[in-house]
Amino acid sequence: MNTYIFSIVTFVYMAAMVVYVAYLAFRRPVVARLATIILLGGWLAQTTAIGLRWYESYEMGIGHAPMSNLYESLVFFSWTIILLYLIIEYRYKLSILGAFVTPFAFLGMAYASISPSVNETIQPLVPALQSNWLISHVVTCFLGYAAFAVSCGVSITYILKKRYEERGGKGGLMAAFPSSEVLDELVYKSIAIGFPLLTIGIVTGAAWANYAWGTYWSWDPKETWSLITWFIYAAFLHARITRGWRGVKAAVLSIIGFVAVIFTYLGVNLLLSGLHSYGGG
Amino acid sequence: MTEAKPKKKQKGFAGSLAAFFSSLKLTIFLLITLALVSIIGTIIPQNQLREQYLRYYDESTYATLKAVGFLDMYHSWWFVLILALLAINLIACSWKHFPRAWYYFSHPTRILDATLEKAAKLVWRGTLAADKAADPESLMSRLEEVWPGSWHFTRRDGDSGVELHFAAERGRWSRLGVYFVHLSVLVIFAGGIIGSIYGIKGFVNIPEGERVSSFYTYGDQQKPIPLGFELECRDFSVEFYESGRPKEYSSDLVVYENGKPVVQKTIKVNHPLSHGGFTFYQASYGAYGGRVAVELHFRDRGGMVLPLQLEVGQPQRLPEDWGWIEALKVEKNYMRMGPAVLILRDPGKPGVKPYQFWAFLRYPEFGRANNKTNEFCVFKQLEERYYTGLQVNRDPGVWIVWLGCLMMILGLYVAFFMSHKRLWLRLTPDPDKPGRMLMVLVGNANKNQPSFAHEFEAVAEKIKAWK
Ligand code: HEM
């Protein structure tokens, strides 16, 4: 049942993405409104389905929060991206960013639903995952990742806008975007949200590892990649306050940071081996 | 508080060295370098045995990788050097910036002068009847109502007469949040170093029903390390899901001090036991001998049947002069025929050699068919025994690491989500209209300016209403 809703949500997100892109092109407030409504509808359906999946796992007698394998984490990741984006859109009235952020959520859901290597069934937890740390660790990591997804989307927009401004551009698609300063501020804001969350995610992961295996840090590939991501964003934060590193260079760092996030999340499991759970998909 | 310019440029080698080590450029370089080199260790498997490496690499590649430290790279001298440089960078940088930050922290600006006014982004101007300002104390309490904070009042002689200065601020200490984050990095490093010097990691296997008083470290020369107490494994159990995936491993452990039981705990994965500075984690398990029930059938002696309970590995003497029997080992699935026990039989008769044979749990008739001797053995029951594999750890640095992590999280919260907000209100006699005062309200926040701008407007609105 829940997987069925999730596949519908995938299409709803795709529709929202298309409408956001249409808004880029036509810039009619109605279009933006429509996009937001579609997105919110999809998100609410997804929230329901996550709750349902959680409930179903208890029905099956192997109850656990739906965050324990690749499928569930992809779904949760998309959910947090949309949640964060909706908050930002509401607070900053920036529907224009939708076209750059919704694709991440759509791709996450599409990958989860379509890829044959992603197992959709609810599976029991192996002993190492039976811990209260699981929820706090996963939730903080994914909220952080979602913030970084937003910052990546905005960074791309920032670079395009900055080029446009430097050409002294007028009119056209890019005119609709907020000024590069506003975008720069947004990149910073989302990383300022993501960085502490990633930090908490790494710390809860370390605490959990210490509790389960007696070592808070074992340089497991996944741990190491999360630290690599952390280093990159720390570099970003300092780049932003350094002459000669501000602006486009810092934005590029934030995009690289998100590439590292994706690698931490998916690449490590698909290409490298380690302690983390969704290795086998 | 962006990159502060040094007040006076230090000259010479020491000066440029100090400038190099305290620069933000070095920070960015080190952080990116750390990110890049860390990748190596996620691609090349770390800390494996030589034989394992030789499966992927040839001998000379292996030797090269080992020489440059790529096989244990997070402990290699050059990786530690980069971390050490980061620590030096952090200390040098704080050394340079902190005094200034502390100065501003401990010397709040209470006077709104021309420079401050000029630089301000949030300014509001108005006028007030002079008699309303006759009592600065009451004016201040009104200000406190408008914007709660620690208000300060200063009376000063200015160019156009007596100036009244009010100043207030909130979240001044949030400026120190960044330093708290930086300090936390050093604290975490310190915890890690203490752990690597004084910490110890090892393992111990305890068969069910037995006690140990020491454990072994990993590595080539495994030497026992005393625990200072005894640890008993009363019972070990493993449960499986229907799919065959493991569900739970657990061990009932009892700690004995001076021979008396003091602590009892069932440990599982994620639920360790801590005692005497050591922590014991459920890490592995295995089968360990066990007990078998067999029947010895004699073809002579009137077809007599002798039921026996044998401890694996312990010879047992039979009654009369019938010799000895021993269960040498148990196999779970010997020759794909299920559980089997290897029996050693010594008939105890001169000139008859001891002999060995397998008895199968699922094929009791197997032995009967064997007619070489005038007895045979039926395997009736297997009572397997497990040992529990525990990881043993002592890390006196771990609490320092957690302290550092806590500091970092709090510091990040303060640095990113709290801001230092300041308001100044200055009243000066209006040179054009006697009996009226000119008011200037100035606001400043180091973070989240848009939301402070709203706050500022609300304050200005209220002051305007004073008339
Ligand atoms: C892993 C190590 C480090 C971490 C996690 C870290 C973290 C931070 C954070 C979170 C901020 C706040 C950024 C912002 O408000 O936008 C910051 C600011 C800063 N960091 Fe670091 N930092 C590290 C290393 C260093 C080093 C080695 C230096 C030495 C040059 C340094 C110098 C600064 C400076 C000058 C600021 C600006 C402070 C201000 O706003 O007044 N940091 N750092």
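**From a helix pair to an interface and a sheet**

Helix α6 of chain A holds both Glu185(A) and Lys189(A), which are four residues apart, about one turn of the helix. The model is a predicted one. Side chains of opposite charge can pair when their charged atoms come close. Glu185(A) and Lys189(A) form a salt bridge, with 3.9 Å between the closest N and O atoms. The cut-off for a salt bridge is 4 Å between a side-chain nitrogen of Lys or Arg and a carboxyl oxygen of Asp or Glu, so the pair at 3.9 Å is counted. Over all chains, the count by this rule is 18 salt bridges.

The next step is the contact between the two chains. Chain A contributes 48 residues to the contact and chain B contributes 45 residues. How much area do chain A and chain B bury between them? The figure is about 4,100 Å², and 70% of it lies on carbon and sulfur atoms. Polar contacts between chain A and chain B come to two residue pairs, both at pLDDT 80 or more.

On the side of chain A that touches chain B, the elements that give two or more residues are α6 (180-213) and α7 (221-239) of chain A. The largest share of that side comes from α6(A), with 16 residues. Helix α6 of chain A is also where Glu185(A) and Lys189(A) lie. By residue class, the side of chain A that touches chain B divides into 36 nonpolar, ten polar and two charged residues.

Now turn to chain B and its sheet. Five strands of chain B form an open sheet with antiparallel pairing, in the order β1-β18-β17-β3-β2. Which strands are at the edges? They are β1 (122-129) and β2 (152-158) of chain B, each of which pairs on one side only. On average, neighbouring strands of this sheet are turned by 20 degrees against each other, direction ignored.

Within the sheet, strand β17 (residues 421-429) and strand β18 (residues 436-445) of chain B are paired in the antiparallel sense over nine bridges. Leu427(B) has Met439(B), in β18(B), as its bridge partner. Helix α11 (residues 449-464) of chain B packs on the sheet and touches β1, β3 (161-170), β17 and β18 of chain B. The direction of helix α11 of chain B makes about 165 degrees with that of β18(B).

Terms used: Residues are numbered from 1 along each chain as its sequence is written. Chains are lettered from A and ligands numbered from 1 in the order in which they are written. Side-chain values use heavy atoms; hydrogens and water are left out. Contact means heavy atoms within 4.5 Å. Buried area is the accessible area (1.4 Å probe) that two parts lose on being put together, summed over both. A polar contact is a pair of N or O atoms within 3.5 Å; within protein, one must be able to donate a hydrogen and the other to accept it, and residues adjacent in sequence count only if both atoms are side-chain atoms. Ala, Val, Leu, Ile, Met, Phe, Trp, Tyr, Cys and Pro count as nonpolar, Asp, Glu, Lys and Arg as charged, and the others, Gly among them, as polar. Two strands pair if DSSP finds at least two bridges between them. Axes are lines fitted to C-alpha atoms, for helices over the stretch in contact, and angles run from 0 to 180 degrees between N-to-C directions.
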